[in-house]
Amino acid sequence: MRVTMRRDILTLLSIAEELQAKKWRCSARFHSAATSWQKSKIYNSAEETLLNIKSGFTLLCGGFGMSGVPASENTLLTNLLDTLIDAMSKKSDIINIVAVSNNAGTETTGLSKLLKNGQISKMISSYIGGNKLFERLYLTGKVEVELTPQGNLAERCRAGGAGIPAFYSPAGVGTWVEEGELPIKYNQHGEVIKKSEPLESREFDGRKFLLQQAIVGDIAFVKAYKADMYGNCYFRKAARNFNSVMGRAGKVTIVEAEHIVEPGEIPPEDVHLPGIYVDKVVQSTTTKGIEILKTNDSFLGNDNQNIYSDKSIRRARIIKRAALEFKDGSFANLGIGMPTLAPNYLSDDIHVTLQSENGILGLGPYPQSGQEDPDLINAGKETVTILPGASFFGSEESFAMIRAGKINLTILGAMQVSQYGDLANWALPGMVKGMGGAMDLVAYPEKTRVVVVMDLVDRKGRPKILKECSFPLTGVKCVSRIITDIAVFDVSPNNGLLLIEVAEGYTVGDIKAKVDVDFAVASDLQTF
């Protein structure tokens, strides 16, 4: 009996030792694999990353303005080797590129170099802006352009990277986006020869939405502040913008990194683009540029402007009045130009958190001269600062906030507003700047109050408040208040215009002479 028990005990001990040994061997194998589970994705040059690329591909290019753009030629920069856009521009035999990017940069930076070379046949963008080369090529038929609201563009790429083929969005309802009237291609005489397709619509909870197809790129160019050998990326400040979402939507994603670091140097919680999405990493060799340098020395948006001119006085009156629209504790998004100056006139008891659609919540004033940061810009590409408690995120999350109605107020400029609150502010005959994020911002007026700031008449003295807008619409029945240089109107989508304030020194008769539509006058009409 004792011999048998002893044999059983020895057998159990032997089994336990074997199991323990197997456990350690398994652990050792796992540990060993963990140190070399991926091969390095680092390439020696940008040219090397572009080998075997052929014409006719779709290119996603991250960045916003000059923040986070895979580097290209800038007249202030001389060390231009091994950057992605420059490397692509040297492969002049690569043509018929469909480029997807929020904009094309300036005339000498970003994708403009590929446009100038004739390598890009089509752009999918939200904004042309002041890029005269891009605009000229578009209006003369040298390049096709598919303009799309900025939030839709970000979400189309996010959906593509997430394996979602399509989704419904409220941006563009009632505009050329829905109707299929967007000019895609002009001939050499400036006549439209190709338009967009009408979009399928559907109602959810009483609101109309448009079907948007996802975007997947054959190649994605991404600019990161840091990347490791496994492709994990960290974007600095507002440079995440479109980079993160486009990096996810590329079949082959190539990252140009300012700093290539060892695995683990980017804390896991700071990895904005995981390496699973990244195929190649190359060292960036260019210095960052700033598209629009703004400092707190600026006054009324123009350092050289005569502050006593009629225009400056009108602008100051509009801006000061617009500052009264902010409510304490609210979140607001400001359009480019005059709206960005309104916070300068906030009273001390009003605290507002400003959002910028390129990925900032908690915007501060312009920086002190010499303190500007190329990775810290607003939606107008101007240098800015942030306030304590601010946060950064990608463009797709920025517009998620907007679509969800988390932004309480948006203040925008306008070319025209109709008597029932239709807004036109992105295009007019012979000049197409693109809608940017405006269509997204005005798509949920029940949650995001839309205030327009503008002169009451244009430069030729023609009314800007009309029965119906003659320019392409940004949104339908979305404006709730119009602040002009001499009058303030409330706007009802059913009842039309109500004059609530006139500028000091002006009468109701003065306003009627400059407005091409009937309006009611408030019983308690105020002056400002």
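A nonpolar core is here a set of buried Ala, Val, Leu, Ile, Met, Phe, Trp, Tyr and Cys residues joined through side-chain atoms within 4.5 Å; buried means under 20% relative accessible area, exposed over 50% and partly exposed in between, with a 1.4 Å probe and protein chains only. The model is predicted, with local features requiring pLDDT of at least 70 and side-chain atom pairs pLDDT 80 or more, while totals for chains, interfaces and linings use all residues. Residues are numbered from 1 along each chain as its sequence is written, and side-chain values use heavy atoms, leaving out hydrogens and water.

**View 1. The largest nonpolar core.** Among its 41 residues, Met88, Leu111, Ile120, Met123, Tyr138 and Phe221 touch the most other members. Two or more residues each come from β1, α3, β2, α4, β3, α5, β4 and β10; helices (H or I, at least four residues) and strands (E, at least two) are DSSP runs, numbered from the N terminus. The most, five residues, come from α5. Another core, of 29 residues, lies apart from it and includes Val491, Leu497, Ala503 and Ile511.

**View 2. Surroundings of methionine 88.** Contact means heavy atoms within 4.5 Å. With neighbours within four places in sequence left aside, methionine 88 is in contact with Leu50, Ile53, Phe57, Ile94, Ile97, Leu114, Gln119 and Phe221.

**View 3. Helix α6, residues 150-161.** The 12 residues reach 17 Å from first C-alpha to last, close to the expected 16 Å; the expected span is 1.5 Å times one less than the number of residues. Of these 12 residues, 10 are buried, including Leu153, Arg156 and Cys157. Glycine 163, which follows α6, has a positive phi, near 75°.

**View 4. Helix α9, residues 310-322.** Its end C-alpha atoms are 18 Å apart, in agreement with the 18 Å that its 13 residues should span. Among its buried residues are Ser312, Arg315 and Ile319. The buried residues of α9 pack against β18, β23, β25, β26 and β27.

**View 5. The aromatic pair of phenylalanine 489 and phenylalanine 519.** Rings of Phe, Tyr and Trp (its six-membered ring) pair if their centres lie within 6.5 Å, and planes under 30 degrees apart count as stacked, over 60 as edge-to-face and the rest as tilted. The whole structure has six aromatic pairs. This one is edge-to-face, at 5.3 Å centre to centre and 80° between the planes. Phenylalanine 489 lies in β26 and phenylalanine 519 in the loop between α12 and β28, so the pair ties together parts 30 residues apart in sequence. Relative accessible area is 0% for phenylalanine 489 and 14% for phenylalanine 519.
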